[in-house]
Amino acid sequence: MGEMGEGFLNLLRGRLPAYTRKARHLDLLLRYGTPRKVANIARAERSKMRGDVVLKSRPYIYTVDIGNICNLRCPLCPTGKHELERPQGFMSFADFERVVAMIAPWAVEVVLHNWGEPFLHPNFLEIVRTVKAARIGTATSSNMNLVHKDASYLGQVVDSGLDHLVLSIDGTTQEVYERYRRGGNLEHVLANVKELCAYKKQTGSRTPVVEWQFLVMKHNEHQIEDARRLAAEIGVDAIRFTGAGLPFDDLDDVELGEQWLSTLPEFRGYEPKVMRARGYLYAEKCFYLYRAMTVNPRGEVAPCCAISHRKWDFGNLLDDGLDAIWNNDSYRSARALFASTGAPQPVHTVCHVCPLFKYEQPRRESFDAAAG
């Protein structure tokens with residue numbers, strides 16, 4: 001079997017980290033994959049296996065943050081804490097069309113959120129339709145606290161063709177819910193979810209696949225079964241319980257972790273004590289550097305969706321173009337952390353201080369020597 005076949009089989013066998021949404025990725029691949037996209041995925045997976053520094057493939061999952069503005073003030077989110085450290089605003093529809101044109105040959109999925117509430121974007125429905133017209137899968141996440149929109153808007157979301165919708169709801173009573181979703185109204189949220197699901201059922205629409213995501217934390221872990229029951233009553237397609245994460249700058253903050261993270265071991269995926277003890281959390285290569293790209297509202301490219309600070313950007317997609325960015329000095333230097341060969345012109349990146357993935361220590365030392 002050729003290297004592309006091996007790489008693609010590796011993906012289909014489910015060798016994706018546990019914290020990714022395997023079912024969604026596979027669903028969108030089956031619906032929007034083309035021979036060219038499948039071949040690109042196989043090349044990307046093979047490059048990740050080998051630890052290539054320069055890639056012939058292009059990213060196939062894109063997080064495009066259409067707006068880093070939010071109506072809630074969640075205490076572990078840089079936006080909610082007013083610590084985003086980049087200009088806030090919405091991506092213009094014209095810029096979004098340019099982004100889609102660049103990524104369309106390769107993209108299987110576009111995630112339409114990161115540091116904000118996507119339904120606040122005045123052109124959200126047009127944005128979804130634009131991606132759909134380009135034959136790319138769509139996903140987004142909403143807190144469902146609609147602002148200046150009525151129930152009819154939810155019907156338009158269903159009619160837009162959005163493929164996957166994640167609902168961020170972390171409690172079944174207002175008191176517990178607002179401990180994290182500060183500024184949110186649970187009664188309003190649940191009414192919106194019921195309206196959305198009822199319209200979807202009434203029209204017989206398969207999409208969006210509606211997933212209730214419940215971040216399990218210390219203050220709400222006692223409501224897991226209540227949430228499961230409520231989700232069944234409302235009629236969402238799935239409910240997902242997952243542990244909360246800490247902000248990138250505080251990933252190894254043990255005190256912050258003890259304040260917020262669940263006491264249940266199965267929901268402590270982000271464990272500051274582990275990161276401090278061994279220097280990394282996941283004993284594997286970073287997959288973002290081979291599979292994905294994160295684009296901020298002004299076109300700035302971050303190496304992954306966890307990085308909010310502008311100082312760590314790898315370039316600007318609107319200014320530089322996809323091909324120039326994907327193998328530039330920043331990306332090569334970051335991939336070299338997981339490779340047996342170094343980058344030709346090493347530069348210091350946020351990946352050099354990331355405690356999430358296991359890198360080759362000699363590679364970091366060789367960078368320090370080259371940079372010094």
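1. Starting with how the chain folds back on itself: of the contacts between residues at least 6 apart in sequence, 71% join residues at least 24 apart. A contact here means heavy atoms within 4.5 Å.

2. Before going on, bear in mind that this is a predicted model: local features need pLDDT of at least 70, side-chain atom pairs count only at pLDDT 80 or more, and totals for chains, interfaces and linings use all residues. Residues are numbered from 1 along each chain as its sequence is written, and side-chain values use heavy atoms, with hydrogens and water left out.

3. The C-alpha atoms fill a box of roughly 55 × 45 × 40 Å along the principal axes.

4. Buried residues account for 58% of the 372, where buried means under 20% relative accessible area (1.4 Å probe, protein chains only).

5. The protein has 16 helices and 9 strands. These are DSSP runs numbered from the N terminus: helices are H or I with at least four residues, strands E with at least two.

6. Have a look at helix H6 (residues 151–159), where Tyr153, Leu154, Gly155, Val157 and Val158 are buried. Their cover includes helix H5 (124–133) and helix H8 (186–203). Just after H6, Gly161 takes a positive phi of about 95°.

Conventions
Buried means under 20% relative accessible area, exposed over 50%, partly exposed in between (1.4 Å probe, protein chains only).
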